[in-house]
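This briefing is meant for someone meeting the structure for the first time. Please keep the sequence and the 3D view open while reading.

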Amino acid sequence: MIEVRNLTKIYSSKKVLDDISVDIRDGEIFTIIGPSGTGKSTFLKSVIRLINPEYGKIIIDGVDMLSLKSEFEIQKVRKKFGYLFQDGALFDSLNVWENVSFGLKYLTNIDEKKYLDVAREKLELVGLKGVEYKKINELSGGMKKRVALARAIAHNPRYVLYDEPTTGLDPISSDIIIDLIKNMSEKLKVTSIVVTHDIKLALTISSRVAVLNSGKFVEVDTPQNIKNSSNEFVRDFISTSFISNITN
Amino acid sequence: MIINKIGKVTIDTAFHLGRCCLMIKRMFFWLFNSKLEKKEVMKQTVRIGIESVGVVILTSLFTGMVLALQSGYTSKNLFNEPLYVGTVVGFSLVKELAPVLTAIVVSGRAGSSVTAEIGTMVITEQVDALYTLGTNPSTYLLIPRYIAFLIALPILTLFANVVGILGGFLVSYIKLGISSTVYFDDIFQYMEVKNFFHGFIKTFFFAFAIATISCYKGFYATGGAEGVGRSTTDSVVISMIMILAIDYFVSSLLVIIGIT
């Protein structure tokens with residue numbers, strides 16, 4: 001379980017995250033939506049301390065991530081996480097299977113000889129076959145995202161963080177990724193935190209949706225209740241996003 | 001107005017120096033607290049070293065040739081005979097020109113590429129990805145590059161010494177009619193081991209400086225592709241200036257401690 005308490009992040013005297021508190025329950029898909037620049041990615045990066053917030057607590061399975069002093073302790077907690085970056089953040093200098101198996105050396109005790117098999121298994125899980133030896137620049141946007149997802153789950157993390165998983169993808173690739181997130185949650189029982197602009201994703205597969213605006217969660221509720229929200233900002237944001245999705 | 005500018009430059013310089021020192025501190029911390037990425041060290045040594053061999057050979061060859069030509073004809077004009085050409089070429093190359101020119105060439109060839117690569121990794125979140133995959137940029141990026149520069153530059157300088165001296169011999173023999181015995185006697189009769197070490201020791205300082213500047217500029221590249229381009233240019237310019245400055249100060253130090 002992830003417990004976030006009074007999380008505050010300040011950039012050049014502007015509060016990007018303003019005293020946020022939320023509990024993310026085991027096994028749920030917790031989706032954060034909101035306009036650009038409201039701190040969604042900052043929240044995600046703060047959870048695993050890729051960014052150091054100014055105040056607050058992030059308690060992961062009883063350990064306050066922000067109170068940890070040494071990089072070794074932080075790394076121990078980070079092992080529980082997989083992270084899907086917005087543009088994949090795949091290493092250009094490595095091929096597909098080397099990318100997927102990259103973390104195994106540091107995060108698991110798996111024998112090096114089995115890395116290729118693990119990479120193949122994870123690539124199959126995200127619907128990719130026969131791409132192990134391809135270079136990253138030979139892949140399409142959707143394939144890159146799936147390879148990045150395979151890399152994020154290669155060490156069987158307990159939590160997976162998704163930063164804009166469907167951004168820049170065509171509707172078919174987007175649907176594949178949405179299904180993968182859902183399957184990952186159901187089959188592997190991972191807890192997912194998804195940051196997205198994709199209202200369809202948020203309202204179809206999420207257990208709960210949080211709407212972030214000006215560094216605060218305006219509302220945190222089930223997709224059904226978010227759809228019927230009485231909050232003006234939430235209603236406006238959802239209807240605008242739907243229109244924008246349709247016109248796109 | 002001028003005071004403002006001076007103040008700003010001073011604060012900026014102090015800020016960058018401080019951040020750079022912290023980067024070096026992190027590098028040393030992880031050097032002793034993590035497993036060495038041997039594969040990456042090999043890869044970077046090949047990239048920085050072997051891929052720079054061609055340009056280093058060409059640079060040192062022509063430097064040796066022009067040194068022989070200039071010293072030979074100057075000596076001919078003064079004494080009617082090309083005297084001590086080997087000595088001039090040997091000493092100039094071994095103590096100064098080979099280490100400095102090789103360092104400058106490597107900073108332009110490999111330092112720029114290190115900055116561009118790390119800078120691109122930063123803006124595409126590949127550096128953040130390293131943290132999420134159980135390692136960190138110091139272990140995976142910094143240490144291998146520092147070691148690679150520290151291995152490659154001294155070896156390349158040795159190459160440059162040999163090739164430069166051979167270049168000088170080529171011109172001495174063909175244009176000045178100096179025999180190989182005289183040319184090489186002129187070098188080995190006067191040169192001592194400490195003269196060689198005077199130049200060789202400096203290469204480690206240059207290597208450390210190039211690695212520091214190129215990695216630092218890469219890690220703190222901002223502003224997308226344009227920013228990476230700017231950082232790459234800065235990295236080469238600063239490296240060149242630092243090489244020349246370090247050359248003077250380390251040479252002075254070596255003279256003081258008797259390695260002349």
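## Helix packing in chain B

The axes of helix H3(B) and helix H7 (residues 193-219) of chain B come within 8 Å of each other and cross at roughly 15 degrees. Since angles under 35 degrees count as roughly parallel, H3(B) is therefore roughly parallel to H7(B). The model is a predicted one, and the points below take its two chains by topic.

**The two helix pairs of chain B**

- Where H3(B) passes H7(B), the crossing is right-handed, and the contact of these two helices has 15 nonpolar, 10 polar and five charged residues.
- Helix H3 (residues 85-123) of chain B also packs against helix H6 (residues 180-190) of chain B, with axes that come within 7 Å and cross at roughly 55 degrees.
- That crossing angle makes H3(B) oblique to H6(B), and the crossing of H3(B) and H6(B) is right-handed.
- On the side of H3(B), the residues that meet H6(B) are B:Val85, B:Gly86, B:Thr87 and B:Gly90, while H6(B) brings B:Tyr183, B:Phe184, B:Asp186, B:Ile187 and B:Tyr190.
- Sorted by class, the contact of H3(B) with H6(B) has five nonpolar, three polar and one charged residues.

**Chain B as a whole**

- Chain B has eight helices and zero strands, so that its elements, read from the N terminus on, run α-α-α-α-α-α-α-α.
- The C-alpha trace of chain B spans about 70 × 50 × 35 Å along its principal axes.

**The domains of chain A**

- In the domain assignment, chain A is divided into domain 1, which takes in 1-80 + 159-248, and domain 2, which takes in 83-157.
- The C-alpha centres of domain 1 and domain 2 of chain A lie 23 Å apart, and the contact takes 19 residues from domain 1 of chain A and 14 residues from domain 2 of chain A.
- On the side of domain 1 of chain A that touches domain 2 of chain A, the elements that give two or more residues are strand E7 (159-163) and helix H7 (171-187) of chain A.
- The residues on that side of domain 1 of chain A divide into 12 nonpolar, three polar and four charged.

**The six-stranded sheet of chain A**

- Six strands of chain A form an open sheet in the order E6-E7-E8-E3-E9-E10, and the pairing in this sheet is mixed.
- E6 and strand E10 (216-221) of chain A stand at the edges and each have a single partner strand, so one side of each is left without a neighbour in the sheet.
- Neighbouring strands of this sheet are turned against each other by 15 degrees on average, with direction ignored.
- Within the sheet, E7(A) and strand E8 (residues 191-196) of chain A pair in the parallel sense over five bridges, and the bridge partner of A:Asp163 in E8(A) is A:Val195.
- Helix H6 (residues 141-153) of chain A lies across E6 and E7 of chain A and runs at about 170 degrees to E6(A).

**The antiparallel pairings of E1 in chain A**

- Strands of a sheet pair through backbone hydrogen bonds, either parallel or antiparallel.
- Strand E1 (residues 2-11) and strand E2 (residues 14-24) of chain A run antiparallel and are joined by seven bridges, and A:Val4 has A:Val22 as its bridge partner in E2(A).
- E1(A) and E2(A) form a hairpin with two residues between them, and A:Ser12 in the turn has a positive phi of about 40 degrees.
- E1(A) also pairs with strand E4 (residues 55-60) of chain A, in the antiparallel sense and over five bridges, and here the bridge partner of A:Arg5 in E4(A) is A:Lys57.

**The contact of chain A with chain B**

- The contact takes 16 residues from chain A and 11 residues from chain B.
- Helix H2 (71-78), strand E6 (81-84) and helix H4 (104-107) of chain A each supply at least two residues of the side of chain A that touches chain B, and the largest share of that side, three residues, comes from H2(A).
- By class, the side of chain A that touches chain B has 10 nonpolar, two polar and four charged residues.

Technical notes. Residues are numbered from 1 along each chain as its sequence is written. Chains are lettered from A and ligands numbered from 1 in the order in which they are written. This is a predicted model: local features need pLDDT of at least 70, side-chain atom pairs count only at pLDDT 80 or more; totals for chains, interfaces and linings use all residues. Two residues are in contact if their C-beta atoms, placed from the backbone, lie within 7 Å. Helices (H or I, at least four residues) and strands (E, at least two) are DSSP runs, numbered from the N terminus. Ala, Val, Leu, Ile, Met, Phe, Trp, Tyr, Cys and Pro count as nonpolar, Asp, Glu, Lys and Arg as charged, and the others, Gly among them, as polar. Two strands pair if DSSP finds at least two bridges between them. Domain bounds come from an automatic or database domain assignment. Axes are lines fitted to C-alpha atoms, for helices over the stretch in contact, and angles run from 0 to 180 degrees between N-to-C directions. Angles under 35 degrees count as roughly parallel, over 145 as roughly antiparallel, 65 to 115 as roughly perpendicular and the rest as oblique. A crossing is left-handed if the near helix is turned anticlockwise from the far one by less than a right angle, and right-handed if clockwise.
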